[in-house]
Structure formats: structure tokens, C-alpha cells
Amino acid sequence: MKTIVTTFALFLLAFTTHAAIPPSWTRAVEPVHIAGPIYYVGTEELGAYLIAGDEGLILLDVPLDTNAELVLRNVRTLGFDPKQIRILLNSHAHLDHIGGFARVQKETGAKIYLSAKDAALAARGGKNDFAFGDTILYPPVKADHIVRDGDTIRLGNLTMTALLTPGHTQGCTTWRTTIKDHGKPLDVVFLCSVTAPGYTLVNNEKYPTIFADYRASFTRLRRLDPDIFLANHAAFFDLADKRANKKPFIARGEFRTYLDEAWKELEAQEAKQRAKK
């Protein structure tokens, strides 16, 4: 898992220094059924999730403006009408997870639900990001509803509960739901990123509490042990390997293993910075 976290950091750092977007961020893949009402409709690397209910559809994340039509095409491929997307949820307001919101909202009329801190960032189109300044911009969007910690978003028989896990952004939101798959209840977690690509973790004037927020988020996340671990980057939960080798998405313990490796890397990053002060 360590190489997964490191690879993502290198990807994002390359992008923010105006290198080419990694091909996997825009490469189309066939949508895949995860379990119950949940489907992966993102690109090879950037996650987007369709959750289908009896009163409409929820879409979690739309990576990059240029990927919006790809995501909607995947929704159609699964036999769903994008016009039935009622709610747009977001993990965090970086362009690789919210960049396509404006286009999808225009086409579907869906309502956007964002945490307060990320709603402010999204309204600026990514400008004045505490880590990236004005380098990762996207079409701005306005939240229709502000999500608070513990809020449950309901659409018919679907419920999605927000867990604020700040650090990667100040409003980073991990989502949790319980679904039924073949009559069996399953706990599902959609992780907001816990990486810190190039971030200043010590004496950060723009985000003084950043490392304390990460620490608190990890403490909170470690209390969870979902049946299914999903995330906004496919590499975080080994999607390619699961698809290629037909491995089950139901894998208890996988989430905690990922968190342990991610924390080791984050802690080492903070210690290295502290040693230089």
C-alpha cells in the first residue's frame, strides 16, 4: 500500500507543476458493479460512484471537467438515465474529484451537497487552495446544501452519512452507507483522501491545524471496519487488481491495512519536516 500512496503523491505533484495529466486519470474503463446498488463509473484511476435507489440516483464525485461525459456515458452503459441523478456528493473539492460537477449538474439538474469548507473552495473553482494556490482550477460550482459532520443524506431507500475527515482539504468528507447485497447487509466506506502530496505539515501558516486534523481523522477512521472499502482513487483500494483477477470487493480488514500504511507515510513526512525546522 505504501507505493500506492507515494504514486498518488507523485501524480498530483506532477500535475500541479504543469506536467501532463497522468493518462490513467482520463483513460476510460468499463463501469463495474461493486455490490448492491453501488457501481464504479469513473476512469481508470479517478473514482466516481453511482448509487441507484428507488427514487433516483446519487453520484459521488465527478473527476475532471473533461471526464464528465465519460462518467455519464458509463451511467448510460449500465442502463440508467443520467437525468435521474438527483444528488451530487463529493469527497473533496480538488479538480480531480469535483472538476466535472458543473457540467453534470447542468445536464442533470442534480443538487450539490458539500461540506462548508469545501463549498467555499468549490465556489472559487479551486482558487486560493491552502496547498496549491491557484494551480489546480476547475469550473466553479455552488453548493445547494451544506453538509455537516454526521448528516445523513436520504433519497428514497438510499442513505449516505457524512464523516468529516479534514486534512487533505479542510472539508474532506468520507461517506458511509449500509447496503443490502443478495439480502445481506454490508457496511461500505468511501474514503476521502488521507494523503498529503507536497503539503507543509509543520508550521503551516495557511492551515495551522493541518497535522492535528490529520491525526484526529485517522483516529476516527480507525474505528471503522467496513465490509467494503472504496475511495476516490482506484489505486487506494486496488481496483485494477480486483477487476483483472476477479477478487471480491467484500474484504474486511482491508481498510485498516490501508490506513496503517498511509499513517506511517504521513507520520514520516511530518517527522522529516520537523527535523529540518
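I began with the lining of the largest cavity and sorted its residues: four are nonpolar, five polar and one charged. The model is a predicted one, and I kept that in mind for each entry below.

**Entry 1, the cavity.** I looked up how many cavities of 30 Å³ or more the structure holds, and found one. The largest cavity has about 40 Å³ of space. I listed its lining as Asn 90, Ser 91, Tyr 113, Leu 114, Ser 115, Asp 118, Val 147, Gly 171, Thr 173 and Trp 175. S6 provides the largest share, three residues.

I read off a volume of about 160 Å³ for the second largest pocket. Its lining consists of Lys 117, Asp 118, Ala 120, Leu 121, Arg 124, Asn 128, Asp 129, Phe 130, Thr 169, Gln 170 and Lys 206. I sorted these residues too, and got three nonpolar, three polar and five charged. Asp 118 is listed in the lining of the largest cavity and also in that of the second largest pocket.

I traced S6 into an open sheet of seven strands with the order S1-S2-S3-S4-S5-S6-S7 and mixed pairing. Its edge strands are strand S1 (32-35) and strand S7 (145-147), each of which pairs on one side only. From one strand to the next, I noted an average twist of 25 degrees. S6 and S7 run parallel and are joined by three bridges. I looked up the bridge partner of Tyr 113 in S7, and it is His 145. Tyr 113 is also one of the residues that line the largest cavity.

I checked where helix H4 (101-108) sits: H4 lies across S4, S5 and S6, and runs at about 165 degrees to S5. For helix H2 (residues 68-77), I listed the buried residues as Ala 68, Leu 70, Val 71, Leu 72, Asn 74 and Val 75. What do the buried residues of H2 pack against? I found strand S3 (49-53), strand S4 (56-60), strand S5 (85-89) and H4. After H2 comes Gly 79, which has a positive phi near 95 degrees.

**Entry 5, the five-stranded sheet.** I traced S10 into an open sheet of five strands, ordered S8-S9-S10-S11-S12, again with mixed pairing. Why is one side of S8 and of S12 left without a neighbour in the sheet? Strand S8 (152-155) and strand S12 (228-231) are at the edges and each has a single partner strand, so one side stays without a neighbour. Neighbouring strands here are turned by 25 degrees against each other on average, with direction ignored.

Strand S9 (residues 158-164) and S10 are antiparallel, with four bridges, and Leu 163 stands opposite Thr 174 in S10. S10 and S11 are also antiparallel, over seven bridges, and Lys 180 has Pro 185 in S11 as its bridge partner. These two strands form a hairpin with two residues between them, and His 182 in the turn has a positive phi of about 55 degrees. Strand S11 (residues 184-191) and S12 run parallel and are joined by four bridges; Phe 190 stands opposite Leu 230 in S12.

Note on methods:
Residues are numbered from 1 along each chain as its sequence is written. This is a predicted model: local features need pLDDT of at least 70, side-chain atom pairs count only at pLDDT 80 or more; totals for chains, interfaces and linings use all residues. Side-chain values use heavy atoms; hydrogens and water are left out. Buried means under 20% relative accessible area, exposed over 50%, partly exposed in between (1.4 Å probe, protein chains only). Contact means heavy atoms within 4.5 Å. On a 1 Å grid over the protein atoms alone, a cavity is a set of points where a 1.4 Å probe fits but cannot get out, and a pocket is an open set with protein on both sides within 12 Å along at least five of seven lines; lining residues have an atom within 4 Å of a point. Grid points are joined across faces, edges and corners, and a volume is the space filled by probe spheres set on the points. Ala, Val, Leu, Ile, Met, Phe, Trp, Tyr, Cys and Pro count as nonpolar, Asp, Glu, Lys and Arg as charged, and the others, Gly among them, as polar. Two strands pair if DSSP finds at least two bridges between them. Axes are lines fitted to C-alpha atoms, for helices over the stretch in contact, and angles run from 0 to 180 degrees between N-to-C directions.
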